[in-house]
Amino acid sequence: MPYLLGIDIGTSGTKTLVCDENGTVLATAMAEHPISSPKPGWSEQNPEDWWKATCKATNAVIKRAKARPADIGGVGLSGQMHGSVFLGEGSTKPLRPALLWNDQRTAKQCDEITSKAGGREALIEMVANPALTGFTAPKILWVRENEPKVYEKTKHILLPKDYIRYRMTGEYATEVSDASGTLLLDVKNRVWSNRLLELLSIDRALLPHLHESYEVSGKISATVAKELGLIAGIPVVGGGGDQPAGAVGNGIVSSGIVSATLGTSGVVFAHSDQPTLDPKGRVHTMCHAVPGKWCVFGCMLAAGGSFQWFRNQLAHDEVHAAKRRRVDAYELLIKEAEKSDVGSGGLFFLPYLTGERCPHPDPCARGGWIGITSRTLRRDLIRSLLEGVTFGMRDALEIMREMNIPIHEVRASGGGARSKFWRQLQADIYNAPIVTTNASEGPAYGVALLAGVGTGVWKSVEEACKRAIKQTEKISPNKRMFARYEPLYTTYRKLYPDLKDRFREIAALAC
């Protein structure tokens with residue numbers, strides 16, 4: 001009975017997972033890698049660090065699963081979306097550090113893409129999405145304009161997980177879910193957009209071969225098998241970008257089931273049988289990791305990241321207390337938040353610590369508290385942060401409702417799903433049932449399931465999810481609490497438009 005290996009190249013580290021043919025997780029492992037910010041708004045990583053972390057975490061998870069290298073029957077790859085790796089011909093060494101999904105330097109290039117495409121609406125019709133600073137295409141233009149010598153040497157441009165695929169198999173390949181986030185894919189037809197590539201003067205030869213997510217894209221090569229702790233010849237499937245892969249790992253493979261993932265970023269994700277577009281471009285429409293299906297999702301940049309910032313900068317007492325008591329500092333902070341009332345005493349938190357993406361694609365947006373008075377307590381600061389992040393997640397849900405996407409239940413995952421208080425808060429603010437499942441390992445688990453489909457363990461992605469993923473808890477919204485939150489959410493939605501121009505002035509002053 002073959003085991004399945006899932007690998008997720010995240011922003012803070014690479015996670016590996018081994019499961020059996022029933023979808024039971026046998027072991028997980030993690031290896032961290034650093035991130036750099038050479039200038040304000042810039043975000044980069046060295047792809048070599050991803051490879052080292054992949055080798056370390058893969059060796060560790062095989063050992064923890066008490067498996068032999070020959071027991072692994074298939075490998076699936078996931079990773080942070082939108083990042084760009086520039087490679088010369090036949091070289092595994094990148095020509096420069098990778099520009100990441102949260103890099104904000106490309107506003108000028110986004111404007112250029114929109115103009116060349118004939119405007120925002122024309123661009124959305126062409127590739128299903130507007131030009132955003134996080135996407136890959138504006139990064140390509142930025143390197144071409146600002147580092148022409150690097151661009152001249154570039155022969156291949158790969159996404160983060162696809163660089164690891166290249167190192168593993170020697171294949172320049174990707175799959176449609178991750179490719180959707182480059183802004184260069186004709187999402188409706190699941191092929192590269194020759195029209196946009198022509199308008200931007202980007203050579204199609206720079207881009208990798210496209211696969212569906214379950215398809216075998218290559219095999220582990222003999223030259224790296226030992227380094228990985230594997231054997232040569234193991235099939236590697238297309239896999240998925242972290243959001244579509246995480247959705248598979250949470251069972252979001254049919255209409256009516258939506259996920260709300262509170263990690264560093266916050267993502268609301270819905271399955272779609274058809275390529276449904278938001279003409280305003282506030283949410284993304286991309287190819288799902290399910291063949292012949294699509295997805296719609298909205299991403300706020302600093303969801304759990306806002307809570308992490310608070311912990312690191314303003315919660316030293318809780319961090320020290322947590323170490324003494326051997327508990328999680330977040331647990332202590334949430335207990336403090338529970339002492340505050342709904343609405344946090346009229347305090348609002350704007351979670352725009354790294355700019356914003358959905359529903360306000362604005363790299364100049366700034367975070368902060370509004371409504372502090374002499375009566376404001378620390379517990380109010382914490383609760384308002386949790387409420388503000390959850391309001392931001394609801395923004396994406398409301399857009400999906402406008403698009404007539406059915407929402408019968410919301411499956412919670414990520415750090416925010418660990419707290420029952422925050423799960424209930426989500427149910428009350430979303431006015432939707434919050435469900436948790438037995439699957440909590442995210443994208444690494446999703447691509448392990450995809451590897452099982454690609455190697456014949458299951459006949460389809462839907463069958464894999466039905467066999468492996470079960471509901472463990474369902475929390476219904478409290479109608480009385482929803483009624484109390486509704487006017488607060490209405491006020492929250494007015495704050496960004498009121499402050500938009502001031503954000504730009506503040507950003508200019510900080511340069």
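Me: Which side-chain oxygen reaches to the backbone nitrogen of Tyr330 at the start of α13?
Reply: One from Asp328, and it comes to within 3.0 Å of that nitrogen. Bear in mind that this is a predicted model.

Me: Which residues of α13 are buried?
Reply: Helix α13 covers residues 329-337, and Ala329, Tyr330, Leu332, Leu333, Ile334 and Ala337 are buried in it. These buried residues pack against α11 (304-314), α12 (316-325), α14 and α15.

Me: Why is Ser78 called buried?
Reply: Its relative accessible area is 0%. Buried means under 20%, so Ser78 qualifies. Ser78 belongs to strand β5 (residues 72-79).

Me: What makes the link between the side chains of Ser78 and Asp8 a polar contact?
Reply: The distance is 3.4 Å. The cut-off for a pair of N or O atoms is within 3.5 Å, so the pair counts. Leaving aside residues up to four places away in sequence, Ser78 also touches others, among them Lys161, Gly240, Asp242 and Pro443.

Me: How many aromatic pairs does the structure hold?
Reply: It holds 16. One of them is formed by Tyr352 and Tyr496.

Me: Why is the pair of Tyr352 and Tyr496 called edge-to-face?
Reply: The ring centres are 5.9 Å apart and the planes stand at 85°. Pairing needs centres within 6.5 Å, and edge-to-face needs planes over 60 degrees apart. Tyr352 sits in the loop between β20 (348-350) and β21 (368-370), Tyr496 in helix α18 (residues 479-510), 144 residues apart.

Me: How do you know whether Tyr352 and Tyr496 are buried or exposed?
Reply: Tyr352 has a relative accessible area of 1%, and Tyr496 has 7% relative accessibility. The limit is under 20%, so both count as buried.

Me: What makes Phe391 and Tyr485 an aromatic pair, and of which kind?
Reply: They are 6.1 Å centre to centre, with 80° between the planes. The limits are within 6.5 Å and over 60 degrees, so this pair is edge-to-face. Phe391 lies in helix α14 and Tyr485 in helix α18, 94 residues apart. Phe391 and Tyr485 are buried.

Me: Which residues do ring pairs link into a cluster?
Reply: Trp309, Phe310, Phe349 and Trp369.

Me: How do you know that the charged end of Arg105 sits over a ring?
Reply: It is 4.5 Å from the centre of the Trp142 ring. The distance limit is within 6 Å, and the charge must also be within 35 degrees of the ring normal. Arg105 is listed as sitting over the ring. Arg190 does likewise with Trp294, 5.0 Å from the ring centre.

Me: What makes β17 and β19 a strand pair?
Reply: Strand β17 (residues 266-272) and strand β19 (residues 294-300) share seven bridges in the antiparallel sense. Pairing asks for at least two, so they qualify. Phe269 has Phe297 in β19 as its bridge partner.

Me: In which order do the strands of the open sheet run, and which are its edges?
Reply: The seven strands run β18-β19-β17-β16-β22-β23-β24, with mixed pairing. The edges are β18 (284-287) and β24 (471-475), since each pairs on one side only.

Me: Which strands does helix α14 lie across?
Reply: Helix α14 (residues 378-402) lies across β16 (256-262), β17, β19 and β22 (407-414), at about 20° to β17.

Notes. Residues numbered from 1 in each chain as written. Predicted model: local features only at pLDDT ≥ 70, side-chain atom pairs only at ≥ 80, totals over all residues. Heavy atoms only, no water. Helix = DSSP H or I, 4+ residues; strand = E, 2+ residues; numbered from the N terminus. Contact = heavy atoms within 4.5 Å. Axes fitted to C-alpha atoms, helices over the stretch in contact; angles between N-to-C directions. Buried < 20%, exposed > 50% of the residue type's maximum accessible area, 1.4 Å probe, protein only. Polar contact = N/O pair within 3.5 Å; in protein donor to acceptor, adjacent residues only side chain to side chain. Phe/Tyr/Trp six-rings, centres within 6.5 Å; stacked < 30°, edge-to-face > 60°.
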